[in-house]
Amino acid sequence: MSKTGGNRGPEMALDSSIIRIPPHHYIHVLDQNTNIARVEIGPLTYIRQDNERVLFPPVRMVMVPPRHYCVVANPVCRDEDHEVLFDQSGQAKLRHADLEIRLAQDPFPLYPGEEIQQDVTPLQIVYPDTALRLQALLDFEDKGGVKRVAGDEWLFEGPGTYIPRKEVVVLETIKATVIRENQAIRLRARKEGKDRGGVQRVTGEEWLVSKVGAYLPGAHEEVVDIVNAFILTDKRALHVRALRPFKDAGGRDRRTGEEWLVTMADREAHIPSVAEEVVGVVDVTTLSSRQYCVILDPVGTDGKPQLGQKKVVKGERSFFLQPGERLENGIQNVYVLSEEEGLVLRAVEAFNDTEGEEAAEEEEELVQERAKRSRRSGVLRRPGDRWMLRGPIEYVPPASVEVVLTQRAIPLDENEGIYVRDIKTGKVRAVIGHTYMLNQDEELWQKELPPNVEALLASRLDPLADRSTRHGATDDQPRDKTHVVTFRVPHNAAVQVYDYREKKARVVFGPEMVMLGPDEQFTVLSLSGDKPKRANVIKAICLLLGPDFFTDVIIIETADHARLQLQLSYNWHFDTKKPADPVAAAALFSVPDFVGDACKAIASRIRGAVASVQFDDFHKNSNRIICSAVFGFDEKLAVRPSYRFIQNNLVISSVDIQSVEPVDQRTRDALQKSVQLAIEITTNSQEATARHEAERLEQEARGKLERQKITDQAEAEKARKELLELEALSASVESTGAAKAEAQSQAEAARIRGEAAVNEAKLKAEAQRIEAEAELQRLAKAREQELSYKKEMDRLEVEKQERLAQLESQRFKEMMESLGSDTLKEIARAGPELQVKMLQSLGLNSTLITDGSTPINLFTTANGLLGALPGQAQ
């Protein structure tokens, strides 16, 4: 059954006998006898026969509006008049497997077998700068008479409306590519042919189009990419490599793999061609007046790289590195050397050195001529030669010279130094006390010290003040091994230094600064320590000469086999004379561990002495026994004051017994019991003695008390007797002295009253005088204040009047200035002129008006009326 192309009409039963077909509708009727279908077109009322069957209800005809089309598959055949052709059986002839494109026309039905392959579709509009790439499916000849073969491709360029054909298929829509300034498009040929410029192209060939505007690729062209131009400035250049032989934009022939730079001198904007490959953008290399650079493999004047060569470029200058060139160590600063600096140089290749001669120029003309001649000759440097260039100078090393290192003068104090090694002879020496700069054949030498010496030097402990501290803080900063090793020897101490090259030792007594030579090392003392003494506990560089003490714990055994532990402290010092001779000084260090050796020797002597005495005797006379054992006896059988070790002149001056403890527990308990018993006995005896003494003192106090009582009673009786005598004397005096006392009192009262009256009068007079003076001062002050007030008020009034006068004069002046002189004249003449005019109008020549009370001088009136005589005016 064919595919219908329109909308169905009114729904109705297909088995109905009467079918009403509206206008522009149609139906397909199948004759079941002949099995042929036909088309019935409305408007029509169709009466179905019994042998007929309506295939579908009425369907709207296919309507193709203007600028639209549809594609019909298996179209019917038509004659020259576009009438449908039928076969002998009355069935419409079809072009099977064919297509027909129908444009705008009257509505048409689909005959049985026709199908709508593509619905009604608007015609494609091709806009300007747009084209359709078409391909021929069948051989045909278009309207222009051009024969197309299947597979041919061409463009339909806009603006226009594309009318489709069944022989042609639209492959794609191509839009024009807009080429702007400094742009180009890269095209590739799909097949052999000519491009739009008429140039013959082969398949796969690429080229550039840089004309500004819209470019529409041809049918056999494709846009590979849009190439932007590289903007070249005086700071940027383009590194380009040739992909194949060609001739560049400058007209030069380039070979495959050749590289070159395109700079602003060539062109301001560069669009790489298809035969060029952009390696990268090269920035300008700018050197200041204080900079230089070394170019490796420089490009020669012929444009070819000089492999293995070097070129030195000094500032001020700006340039681009050519392809293949590279900088050695980048841009470097010119070596500016001061007086305390120098450069160690090494020749890479043979050359004639003139720098040293230039630095040695003198001011005199004659010496200048010699310097010029010597510069022309120069100094021949061979490869590997080393020399030093000292400042002050500015130096740029040539390509044949390598800067090994920069030397700076090392400032050294009088107690500072460095180790310097001659690299030619290998000899090491110490430079101390002055500023020194290494030359080309010298280097700093690092002096290695044993780890224990390094630890002792890095320790912050003072050898004298912190001698009892075993472990202390160390410096975090490591020692500079090139500096001379120094050690401050404290007071009353000594340090031994051994020279391994000279094979001799020297002893330095403090206070002093020890500075080690290249082949010298400290003698490290390893002394015993702790209690009891253990070997190799104390490590020290300096030997303290004392006086000092060390403590040891030893175990002894008495004759009755009592084992005791003694803690002894020995005072010691070294008996040396300053300045000491080398033999005596070396003897101080002859015993490596003088502490352990002394402790062992003294302990041996004590053990021998104690072994021959009983425990009780030792307990009672321990100090005498130990001192006599340690120090021994002299010729007079007296204990010596000290004990001397001959080997190193160590002197033990005293022994302090700090504690004595039994080692055996039973002995310790028995000793504790005996001590407690002795303490108890002593306590009881002391209590009895104290009790007897208290009773004696009590009896003496009682006797003294009785004697005191008797003495007090005698004194009381004596005092009583004296009291009775005084009472009798008092009674007699009382009777005779009453009248005398009354008279004396009255006289004294009168004298006091008189003196009081005199004093009162004096005080009143003084008070009146003070009041009068105060009143006088008050009046004087008041008058002064009033006078000053009056003066001030007068001064203010005067100032006020002056200010008012100034204001009035200023006001009058400004008023006059504002009125003007002409206005004042007019005002002055206005009155008299008015009177004259009034008199003239009245016909009067003169008049005199008075009030009758003011007298008039008639003698001068006439003169005023008639005017002054000429003689009088003169």
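Helices (H or I, at least four residues) and strands (E, at least two) are DSSP runs, numbered from the N terminus. With that in hand, select G632: just after α7, this residue takes a positive phi of about 75°.

Before you go further, note that this is a predicted model, where local features need pLDDT of at least 70 and side-chain atom pairs count only at pLDDT 80 or more, while totals for chains, interfaces and linings use all residues. Residues are numbered from 1 along each chain as its sequence is written, and side-chain values use heavy atoms, with hydrogens and water left out.

**Stop 1**

Colour S622, I625, I626, C627, S628, A629, V630 and F631 to see the buried ones. Their cover includes β58 (563-574), α5, α6, β59 (643-645) and β60 (650-662).

Next, pick V613, in the loop between α5 (594-610) and α6 (615-620). This valine is buried, at 18% relative accessible area. Leaving out residues up to four places away in sequence, V613 touches T558, A559, D560, F618 and I625; a contact here means heavy atoms within 4.5 Å. For a sense of scale, draw a line from V613 to T45: their C-alpha atoms are separated by 165 Å, and the two are 568 residues apart along the chain.

**Stop 2: V227 in its strand**

Jump to V227, in strand β25 (residues 221-228). Is V227 buried or exposed? It is buried, with a relative accessible area of 15%. Show its contacts beyond four places in sequence and you'll find N182, Q183, A184, R186, L208, I271 and P272.

**Stop 3**

Zoom in on the bond from G510 to P511, which is cis, with omega near 0°. P511 sits in the loop between β51 (504-509) and β52 (512-515). Another cis peptide bond runs from G546 to P547, with omega near 5°, and P547 is in the loop between β56 (542-544) and β57 (548-557).

Then select N492, a residue other than glycine whose phi is positive, near 60°. You'll find N492 in the loop between β49 (486-489) and β50 (493-499). A97 also has a positive phi, about 60°, although it is not a glycine. A97 is exposed, at 78% relative accessibility, and belongs to the loop between β8 and β9.

**Stop 4: surface patches**

Stay in that loop, between β8 (68-73) and β9 (99-102), and select E80. E80 counts as exposed at 78% relative accessibility. Together D79, E80, D81 and E83 form a negative surface patch. Patches are made of residues with over 30% relative accessible area and no salt bridge, joining like charges within 9 Å and nonpolar side chains (Val, Leu, Ile, Met, Phe, Trp, Tyr) within 5 Å.

For a nonpolar patch, select M815, L819, L824 and I827, with about 310 Å² of accessible area together. The elements giving two or more residues to this patch are α8 (665-819) and α9 (821-842). L819, in helix α8, is partly exposed at 34%.

**Stop 5: salt bridges**

A salt bridge is a side-chain nitrogen of Lys or Arg within 4 Å of a carboxyl oxygen of Asp or Glu. By this rule the count comes to 51.

Start with E394 and R290, whose side chains meet at 1.9 Å, N to O. This pair links distant parts of the chain, 104 residues apart: E394 is in strand β44 (residues 393-395), R290 in the loop between β33 (285-287) and β34 (291-296).

Then try E341 and R408, with the closest N and O atoms 2.1 Å apart. E341 lies in strand β40 (residues 341-347) and R408 in strand β45 (residues 401-408), so the bridge ties together parts 67 residues apart in sequence. E341 is buried at 11%, whereas R408 is exposed at 54%.

Finish in helix α8 with E693 and R696, 3 residues apart, about one turn of the helix. Their salt bridge has its closest N and O atoms 2.1 Å apart.

Notes:
Areas by Shrake-Rupley, 256 points an atom, 1.4 Å probe, with all protein chains shown as cover. Lys, Arg positive; Asp, Glu negative; His and termini not counted. Charge placed at Lys NZ, Arg CZ, Asp CG, Glu CD. Buried < 20%, exposed > 50% of the residue type's maximum accessible area, 1.4 Å probe, protein only.
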